[in-house]
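Work through the following exercises with the sequence and the model side by side. Each task is followed by a solution in steps.

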Amino acid sequence: MNAILIDDERANVENLQMLLQKHCPQVNILATANKVPDAIKMIEDYSPELVFLDIQMGEQTGFDVLRAISKRSFEVIFITAYDQYGIQAVKFAALDYLLKPIDIEELVAAVEKAVQKLDTQKQTSRLDFLLQQLMLPETSTSKIALPMQTETRYVSLADIVRCEADNTYTFFFLSDSERIMVSKPLKEYADLLKPSGFIRTHQSHLVNPVFVKSWLKEDGGLLLLASGEKIPISKPNREAVRQALQSV
């Protein structure tokens with residue numbers, strides 16, 4: 001897999017290069033860049049399959065690089081020391097990112113996923129979706145990308161009734177009765193969807209309050225959904241759930 005490394009700090013590039021050579025021999029590093037204009041030229045000249053892209057690059061960002069590239073037919077792994085900067089949009093687009101300092105196991109896992117994603121040839125749509133998300137205010141996000149085994153689905157948040165954990169998997173239950181399985185833990189989506197009003201009622205359950213019909217007092221507390229489903233409320237979450245429902 002041919003790759004380009006982009007980071008505004010040369011030491012970070014050298015460190016990443018060393019880690020890749022040692023732990024990810026399938027990655028062939030074509031070139032490196034420290035500035036946005038150089039990064040754009042490198043991508044256009046070399047047509048890499050994979051780009052490791054720093055988010056914050058001085059007064060510019062890695063997103064500026066993506067906006068300038070017309071043919072985004074490559075996989076991207078974002079790298080950042082700022083876990084809040086742009087990561088919300090990256091997560092909604094189901095793209096991979098690594099926090100500095102880079103964890104070796106996370107790096108290896110991200111590269112392996114990049115190989116798999118390239119095989120599906122779906123990367124361009126995910127990057128386009130990311131750039132669309134970046135144009136919106138954080139609270140205006142209306143869709144989320146859900147990576148499935150054979151495709152990436154773009155689902156409206158308004159259509160998500162609830163989410164349920166199954167070990168390291170998450171099931172999304174939609175208003176049209178469709179169920180989508182994603183190989184990521186519920187905690188990741190609970191954190192991601194909290195700003196959009198979704199309520200964590202239980203260790204295994206996340207609910208869209210729009211579909212809550214009533215609070216049942218049976219069994220220590222249950223939420224009755226418009227579909228007739230009953231969702232448990234754990235004792236530690238009761239007060240937070242009550243407050244969240246009052247603010248809807």
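**Exercise 1. Charge and overall form**

Task: State how many positive and negative side chains the protein has and how far apart the centres of the two sets lie.

Solution. Step 1: The protein carries 27 positive and 33 negative side chains, where Lys and Arg count as positive and Asp and Glu as negative, with His and the chain ends not counted. Step 2: The centres of the two sets are 6 Å apart, each charge being placed at NZ of Lys, CZ of Arg, CG of Asp or CD of Glu.

Before going on, note that this is a predicted model, in which local features need pLDDT of at least 70 and side-chain atom pairs count only at pLDDT 80 or more, while totals for chains, interfaces and linings use all residues. Residues are numbered from 1 along each chain as its sequence is written, and side-chain values use heavy atoms, with hydrogens and water left out.

Step 1: Eight helices and 17 strands make up the secondary structure; these are DSSP runs numbered from the N terminus, helices being H or I of at least four residues and strands E of at least two. Step 4: The C-alpha trace spans about 65 × 35 × 30 Å along its principal axes. Step 5: Of the 248 residues, 45% count as buried (buried is under 20% relative accessible area, exposed over 50%, partly exposed in between, with a 1.4 Å probe and protein chains only). Step 6: Among contacts (heavy atoms within 4.5 Å) with a separation of 6 or more, 54% are between residues 24 or more positions apart.

**Exercise 2. A buried aspartate**

Task: Find which side chain makes a polar contact with the side chain of Asp 54, and describe the setting of Asp 54.

Solution. Step 1: Asp 54 belongs to strand 3, residues 50-54. Step 2: Its relative accessibility is 2%, so Asp 54 counts as buried. Step 3: The polar partner is the side chain of Lys 100, at 3.5 Å. A polar contact is a pair of N or O atoms within 3.5 Å; within protein, one must be able to donate a hydrogen and the other to accept it, and residues adjacent in sequence count only if both atoms are side-chain atoms. Step 4: Beyond its neighbours within four places in sequence, Asp 54 touches Ile 6, Asp 7, Asp 8, Gly 62, Ile 79, Thr 80 and Lys 100. Step 5: Lys 100 is also joined to Pro 101 by a cis peptide bond, with omega about -5 degrees. Pro 101 sits in the loop between strand 7 (96-99) and helix 5 (104-120).

**Exercise 3. The two sides of helix 2**

Task: List the buried residues of helix 2 and explain why they line one face of the helix.

Solution. Step 1: In helix 2 (residues 36-46), the buried residues are Val 36, Ala 39, Ile 40 and Ile 43. Step 2: Viewed down the axis, these residues fall within an arc of 100 degrees, so they line one face of helix 2; the arc is that of the directions from the helix axis to the C-beta atoms. Step 3: An α-helix has 3.6 residues a turn, so residues three or four places apart point the same way. Step 4: Pro 37 and Lys 41 are exposed on the other side of helix 2. Step 5: The cover over the buried residues of helix 2 includes strand 1 (2-6), strand 3 and helix 3 (62-68).
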